[in-house]
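Please report on the fold and helix packing of the model shown here.

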Amino acid sequence: AEIFNLVEKAALFKRICTTPNDIRSASEKEAVGWLKRADSLPILTGKTLAMIFKKRSTRTRVATETSMSLLGGHPMFLGSQDIQLGVNESLLDTSKVISSMTDGIMARVDSHSEILELAKYSRVPVINALSDESHPTQILADMLTLHEVFGKPGQSVQESLSNLLVTYIGDANNMLYEFLLAFPKCGMKLAISTPAKYSVPTARISKALSDAKDSVTLHDSPVSAIKDSRAIITDTWISMGQESEKKQRLIDFQGYCIDANMIQAGNPSKDWVFMHCLPRKQEEVSDQVFYSDRSVVFQEAENRKWTIMATIHSLLA
Ligand code: CP
Ligand code: NVA
């Protein structure tokens, strides 16, 4: 329920902030409603969100800084070169100090244990902006995008995503782990194909299946995972921090590049779309698919903003 509420809130923020409102031609009732909604947005005046980023970011950073600005609060970006963390100071001390002066922390870390450590010693909410095991703010944007693409007028997020079959092809990484955590609980179905050497740990599959029976299927080939799918999703084969494995990974993932031939052979649902959290590298998806009208990657990227805005609003307002 919490996930659906956040995505519904994100859809509302998107509507409020992107629908042109010409107050001069609106009826009085419409104008009052619009002003009230616009007035209620800068609710975080005087509040600060510390953004501890140990890794690079385009989308997550821009989404967070721009949505903090719409909410009237202050985003304080703290990159690895800016603070003492990791060089002169521990996570424990950093968490205690930063949380004593701010209203929330967003953190992009290496190991997931770092997020847990930050949260353990923080007195303010900690938002996970990506760890080696998870990327929760990304999946909210993916769900909003799927809702926008496949929802019928008037349908709730939950209704529009119910039983939706999506396919993930590529590395068993933080994105796939996030899908395995959320999709079964949200009533969605996930077909997975990874190279055998990069398969999902059995415990993660068992957990997903115990959350929802028959919610996940594993496939030896990408083509078989695509059958009847509504969304074909991939991610980089070389996540941040795995750069030294690049040469071997490029060899191991041969045959996993999503291209028009693979999709045609896989026979997806006729309304299929392509998704990718970005940044995209050339090897995992062909330009033809990535820039086609089936690709919703830039809508998905923009939705990072509205879903992060909803997350911040829910935790800090
Ligand atoms: N998808 C995503 O998290 O992008 P950034 O790394 O640019 O934030
Ligand atoms: N799996 C990728 C996601 C980037 C948003 C990484 O961790 O680098």
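This is a predicted model: local features need pLDDT of at least 70, side-chain atom pairs count only at pLDDT 80 or more; totals for chains, interfaces and linings use all residues.

Residues are numbered from 1 along each chain as its sequence is written, while chains are lettered from A and ligands numbered from 1 in the order in which they are written.

**Overall form**

The protein chain holds 14 helices and 9 strands. These are DSSP runs, numbered from the N terminus: helices are H or I with at least four residues, strands are E with at least two. The C-alpha trace spans about 60 × 55 × 35 Å along its principal axes. The radius of gyration of the protein chain is 20 Å, which agrees with the value near 20 Å for a compact globule of 317 residues. That radius is taken over C-alpha atoms, and the globule rule is 2.2 Å times the number of residues to the power 0.38.

**Helix packing**

Two packed helices are described by the angle between their axes and the distance between the axes. Axes are lines fitted to C-alpha atoms, for helices over the stretch in contact, and angles run from 0 to 180 degrees between N-to-C directions.

| Helix pair | Angle | Axis distance |
|---|---|---|
| α1 (residues 2–18) and α14 (residues 297–316) | about 115° | 8 Å |
| α6 and α14 | about 115° | 8 Å |
| α6 (residues 136–150) and α8 (residues 174–182) | roughly 65° | within 10 Å |

The α6 and α8 geometry makes these helices roughly perpendicular. Angles under 35 degrees count as roughly parallel, over 145 as roughly antiparallel, 65 to 115 as roughly perpendicular and the rest as oblique. α6 passes α8 in a right-handed crossing. A crossing is right-handed if the near helix is turned clockwise from the far one by less than a right angle, and left-handed if anticlockwise. Pro-136, Gln-138 and Ile-139 of α6 touch Met-175, Glu-178, Phe-179 and Ala-182 of α8. Contact requires C-beta atoms, placed from the backbone, within 7 Å. This contact has 5 nonpolar, 1 polar and 1 charged residues.

α1 and α14 are also roughly perpendicular to each other. Their crossing is right-handed. On the α1 side, the contact includes Leu-6, Val-7 and Phe-13; on the α14 side, Trp-306, Met-309 and His-313 are among the partners. By class there are 7 nonpolar, 4 polar and 2 charged residues.

α6 and α14 cross in a right-handed sense. Their contact includes Leu-140, Leu-144 and Glu-148 of α6, with Arg-304, Trp-306 and Ile-308 among those of α14. The classes here are 5 nonpolar, 6 polar and 4 charged.

**Ligand 2**

Leu-130, Asn-173, Asn-174, Met-175, Asp-235, Thr-236, Ser-239, Met-240 and Cys-277 surround ligand 2 (C-beta atom, placed from the backbone, within 6 Å). The shell divides into 4 nonpolar, 4 polar and 1 charged. Ala, Val, Leu, Ile, Met, Phe, Trp, Tyr, Cys and Pro count as nonpolar, Asp, Glu, Lys and Arg as charged, and the others, Gly among them, as polar.

**Backbone**

Most residues other than glycine have a negative phi, and most peptide bonds are trans. Asp-214 has a positive phi, near 60°. Asp-214 sits in the loop between α9 (202–211) and β7 (216–218). The peptide bond from Leu-278 to Pro-279 is cis, with omega near 5°. Pro-279 lies in the loop between β9 (273–276) and α13 (287–290).

Key
Two residues are in contact if their C-beta atoms, placed from the backbone, lie within 7 Å.
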